[in-house]
Amino acid sequence: MRYAVISDIHANLEAFQAVLDDAGDIDRLWCLGDVIGYGPDPNDCTALLREYEHICVAGNHDLAGIGKADTYTFNSDAKRAIEWTTSVLGASAREYLARLPLVLTMDNRFTVVHGSPREPAWEYIVGVAEAKAAFHDTDTEVTLVGHTHVPMVFRELGAGAGVKGAPPAEDEAVQLNGRRLILNPGSVGQPRDGDERASYILLDLEQQVARYRRVPYRITKVQEKMQKAGLPERLIARLTYGR
Ligand code: ZN
């Protein structure tokens, strides 16, 4: 089985399509949430996701976009973008997003969540402290998280030896070998690690590897659509820099 593990599409259709093209023949999409918010194509991204065999959990922007979560923690740009998103979101996308679960367990081996096991839609696993808590709160071998928009690999070392976290190298292939892992694929639609390319993971269960991928896409096309929609300048500019 080959899965594309994607997160934080954020209504960026060009980035999403580029990732799908790069992934090629896959059995399923595993989506870690935040399909909408920030970008100009929330309906089209939701529809495209639904064309594929897939699973998906809810992210904070998905919940906020359908009025199921408060936006008081959102900064003013994120708030403006989510208000715009809510105003254009169609009934079909709304109903779909409203049905998303917060956590999924796949193959008795993978925990799938947007933020963290203890606060599924909201907590950021940034460093070792949050990663340790997440290992404690799960019993699966691999936990897949998004939300930070920064690709990361956290490894549980031997008994009592703690947890190590590092960003993946370019095209890094992480071996799945029974050791416990937390993998963040980064963001499809709004990367924040200083690399503007869309980011995701190809999970190959025949070879037992999680392969990190970066994919260029037509950023200016997305930015033009954002301009037209009147989305905040700062959100438009950051796509150029991947910050
Ligand atoms: Zn996000």
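Predicted model: local features only at pLDDT ≥ 70, side-chain atom pairs only at ≥ 80, totals over all residues.

A residue counts as buried when its relative accessible area is under 20%.

Next, show the zinc ion, which is coordinated by Asp8 (OD), His10 (NE2), Asp34 (OD) and His149 (NE2), at 2.0 to 2.4 Å. Along the sequence, these donor residues follow the spacing D-x1-H-x23-D-x114-H. Within that set, His10 and Asp34 link distant parts of the chain, for His10 lies in the loop between β1 (2-6) and α1 (13-23), while Asp34, 24 residues apart from it, lies in the loop between β2 (28-31) and α2 (42-50). If you inspect the angles that the 4 donor atoms subtend around the zinc ion, you will find values of 85 to 176°, and the arrangement is therefore irregular.

Now turn to the largest nonpolar core, which has 49 residues, and select Ile6, Phe16, Leu29, Leu49, Tyr200 and Tyr217, the members that touch the most other members. The largest share of this core, 7 residues, is contributed by α1.

From there, centre the view on Leu49, which, once neighbours within four places in sequence are set aside, is in contact with Ile6, Phe16, Leu29, Cys31, Val35, His54, Cys56 and Tyr96. As a last stop, select Leu32, Leu144, Val174 and Leu176, which are among the 21 residues of a second, separate core.

Key:
Residues numbered from 1 in each chain as written. Heavy atoms only, no water. Donors = N, O, S within 2.8 Å, 3.2 Å for Na, K, Ca; no water. Tetrahedral: all angles 85-135°; square planar, octahedral: opposite > 155°, others 65-115°. Helix = DSSP H or I, 4+ residues; strand = E, 2+ residues; numbered from the N terminus. Core = buried A, V, L, I, M, F, W, Y, C linked by side-chain atoms within 4.5 Å. Buried < 20%, exposed > 50% of the residue type's maximum accessible area, 1.4 Å probe, protein only. Contact = heavy atoms within 4.5 Å.
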